[in-house]
Each structure stands twice: as C-alpha cells, then as structure tokens.
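Please keep the sequence and the model in view while reading.

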Amino acid sequence: MLATDKLKSLLGIEPADTSKDNILEFIIDDVIENVINYCNIEELPSGLEHTAYRMAIDLYRNENIGNEESAAVVSSIEEGDTTVQFRKSVDEDFKNTLLKNYIPQLNRYRRIAW
C-alpha cells in the first residue's frame, strides 16, 4: 500500500509538515482508484507501487490540488522586451494524459472485464 510519508519524501516535503497530509492522502487514493479501475483488479499489486508513486508525483505537481486557483502555466514567451504570458490552467485532460504515460506498465496487470 502507498504511504503518505514516502510520497512526502519523494516530493521533497519535510516529514514533520502535516499541512498537506489530506491532499497527499487524496492523491494516493485517487491514483490507487484509477489503477484499480483501469486494470479491473481488486487491489494495487506490489509490482505497480513505484508506478503509482510516479503517478501521484505527477498528479501533485500538475493539478495544484489544495489551492483555490489553478497553477499558472507559461503559454508564450517573447524575447524582444521580454514578455511572458501565463494561462490559468494546466491541460484540462491531464488525468487522461497521466494515465497514458503509464499504460505500458499498467497493461501488464490489466484483466478483461465482462
């Protein structure tokens, strides 16, 4: 099973900092739910734990969960007189993109559902 303390360590969050524990627990539960639903299995196999941690890291860094405002993403840069424009949100379809990045690993554990 995935642990909040290990995810904190991988993200560079101090173990004593408990301010983000609810967010990290939500992310872990969400990743496990996505893996289980995609693979049509009952529980997360130990062979997918590292993949699930990588998915959780990507989800944490890209979806800005826990903040009212979306993460600002650079949309364009001009060099003459230096102009940088930001857009408010990350790719709206990020969750589907996230899953696609890990499909080869997940397919090894996927079962056919009837």
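## Thr51 and its contacts

Apart from residues up to four places away in sequence, Thr51 touches Tyr102, Gln105 and Leu106, where contact means heavy atoms within 4.5 Å. Thr51 is part of helix H3. Its relative accessibility is 4%, so Thr51 counts as buried; buried means under 20% relative accessible area, exposed over 50% and partly exposed in between, with a 1.4 Å probe and protein chains only.

The C-alpha atom of Thr51 is separated by 9.7 Å from that of Val31, and the two residues are 20 residues apart along the chain.

## Basis of the model

This is a predicted model, in which local features need pLDDT of at least 70 and side-chain atom pairs count only at pLDDT 80 or more, while totals for chains, interfaces and linings use all residues. Residues are numbered from 1 along each chain as its sequence is written, and side-chain values use heavy atoms, with hydrogens and water left out.

## Overall architecture

The protein contains five helices and two strands. Read from the N terminus, the order of these elements is α-α-α-β-β-α-α. Helices (H or I, at least four residues) and strands (E, at least two) are DSSP runs, numbered from the N terminus.

The protein has 114 residues, of which 29% are buried. It exposes about 8000 Å², and carbon and sulfur atoms supply 46% of that area; accessible areas come from the Shrake-Rupley method with a 1.4 Å probe, and for residues only the protein chains shown count as cover. Among contacts with a separation of 6 or more, 59% join residues 24 or more positions apart.

In soluble globular proteins, nonpolar side chains tend to be buried together. Here the largest nonpolar core has 25 residues, and Leu7, Val31 and Val35 are those with the most contacts inside it. Helix H1 (4-11), helix H2 (21-39) and helix H3 (49-63) each contribute at least two residues to this core. H2 provides the largest share, nine residues. A nonpolar core is a set of buried Ala, Val, Leu, Ile, Met, Phe, Trp, Tyr and Cys residues joined through side-chain atoms within 4.5 Å.

Val31 belongs to helix H2. With a relative accessibility of 2%, Val31 counts as buried. When residues up to four places away in sequence are not counted, Val31 touches Ala52, Met55, Ala56 and Leu59.

## Packing of H1 against H2

The axes of H1 and H2 lie 10 Å apart, and the two helices pack at an angle of about 100°. H1 is therefore roughly perpendicular to H2. Axes are lines fitted to C-alpha atoms, for helices over the stretch in contact, and angles run from 0 to 180 degrees between N-to-C directions. Angles under 35 degrees count as roughly parallel, over 145 as roughly antiparallel, 65 to 115 as roughly perpendicular and the rest as oblique.

On the H1 side, the contact is made by Thr4, Leu7, Lys8 and Leu11, and on the H2 side by Asp21, Leu24, Glu25 and Ile28. The residues of this contact comprise four nonpolar, one polar and three charged. In this grouping, Ala, Val, Leu, Ile, Met, Phe, Trp, Tyr, Cys and Pro count as nonpolar, Asp, Glu, Lys and Arg as charged, and the others, Gly among them, as polar.

Thr4 lies in helix H1 and, at 16% relative accessibility, counts as buried. Beyond its neighbours within four places in sequence, Thr4 is in contact with Asp21, Leu24, Glu25 and Ile28.

## Tyr53 in helix H3

Tyr53 is another residue of helix H3. Tyr53 is buried, with a relative accessible area of 5%. Not counting residues up to four places away in sequence, Tyr53 touches Met1, Leu2, Ala3, Lys6, Leu7 and Leu10. From Tyr53 to Ile27 the C-alpha separation is 9.8 Å, and these residues are 26 residues apart in sequence.

Asn40 is located in the loop between H2 and H3. Although it is not a glycine, Asn40 has a positive phi of about 60°. Asn40 is partly exposed, its relative accessible area being 33%.

Ile77 is found in strand S1 (residues 73-78). With a relative accessible area of 62%, Ile77 is exposed. Its contacts, leaving aside neighbours within four places in sequence, are with Thr83 and Val84.
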